[in-house]
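Open your viewer, load the model and keep the selection tool at hand.

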Amino acid sequence: TIRYADPDIKVHDTVKVNLDSGKVSSFIKFEQGNLVMVTGGRNTGRVGVLKHVERHPGSYDIVHVKDMAGHEFATRLHNLFMIGKGDSVKGAWISLPKGAGVKKTILEERNARLNA
């Protein structure tokens, strides 16, 4: 737990903690237009911009994300992790995987392997 947390920090926000002092150094609000990474489900590893959140009381909330290639997909809310402010990959707080989190189709992967 974080003692005396900033009152602006809400559920689903991402927090950067200074490990030496144990205090919050900065945070990213969970809001539309920020960069997210999918950490669970079929779309694991994909990176994109948060577009829309569908609230379903009593069930799973669904989040719509648009990746850097322009493909839009949906996943459950608890599968997301905010990694940057704004919609630019350069604003990410973490180093991104190969391809910057864009999922290729089977044909695109095959062609890349054959051309390499």
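## Stop 1: the hairpin

Select K16 first: it stands opposite S26 in β2. Before going further, please note that this is a predicted model, in which local features need pLDDT of at least 70, side-chain atom pairs count only at pLDDT 80 or more, and totals for chains, interfaces and linings use all residues. Residues are numbered from 1 along each chain as its sequence is written, and side-chain values use heavy atoms, with hydrogens and water left out.

Now show β1 (14-17) and β2 (24-28) as a cartoon. Strands here are DSSP runs (E, at least two residues), numbered from the N terminus. β1 and β2 pair in the antiparallel sense over four bridges; two strands pair if DSSP finds at least two bridges between them. Six residues sit between the strands of this hairpin, and G22 takes a positive phi near 80° there.

## Stop 2: T14

Click on T14, which lies in strand β1. Is T14 buried or exposed? T14 is buried, because its relative accessible area is 8%; buried means under 20%, exposed over 50% and partly exposed in between (1.4 Å probe, protein chains only).

Next, display everything around T14. Not counting residues up to four places away in sequence, T14 touches S26, F27, I28, F81, M82 and W93, where contact means heavy atoms within 4.5 Å. Draw a distance from T14 to M82: they are 68 residues apart in sequence, yet 5.8 Å apart in space, C-alpha to C-alpha. A polar atom of the T14 side chain also lies 2.9 Å from the backbone oxygen of M82.

## Stop 3: the five-stranded sheet

Turn to the open sheet of five strands, with the order β6-β5-β4-β3-β7 and antiparallel pairing. Its edge strands are β6 (72-76) and β7 (80-84), each pairing on one side only. From one strand to the next, the twist averages 50° (axes are lines fitted to C-alpha atoms, for helices over the stretch in contact, and angles run from 0 to 180 degrees between N-to-C directions).

Zoom in on β5 and β6, which pair in the antiparallel sense over five bridges. Select H64 and look across to β6, where its bridge partner is A74.

## Stop 4

Leaving out residues up to four places away in sequence, V65 touches V36, G48, V49, H71, E72, F73 and L80.

## Stop 5: the salt bridges

How many salt bridges does the structure hold? There are three, counting a side-chain nitrogen of Lys or Arg within 4 Å of a carboxyl oxygen of Asp or Glu.

- Select D13 and K29, whose side chains meet at 3.4 Å, N to O. D13 is in the segment before β1 and K29 in the loop between β2 and β3, 16 residues apart. D13 counts as buried at 14% relative accessibility, while K29 counts as partly exposed at 29%.
- Select D67 and R46, which meet at 3.0 Å, N to O. D67 lies in strand β5 and R46 in the loop between β3 and β4, so the pair ties together parts that are 21 residues apart in sequence. D67 is buried, with a relative accessible area of 4%, and R46 counts as buried at 9%.
- Select D61 and R55, which meet at 3.2 Å, N to O. D61 counts as buried at 18% relative accessibility, whereas R55 counts as exposed at 54%.

Stay on D61, found in the loop between β4 (47-54) and β5 (62-67). Leaving aside its neighbours within four places in sequence, D61 is in contact with E54, R55, H56, T75, R76 and L77.

Terms used:
A polar contact is a pair of N or O atoms within 3.5 Å; within protein, one must be able to donate a hydrogen and the other to accept it, and residues adjacent in sequence count only if both atoms are side-chain atoms.
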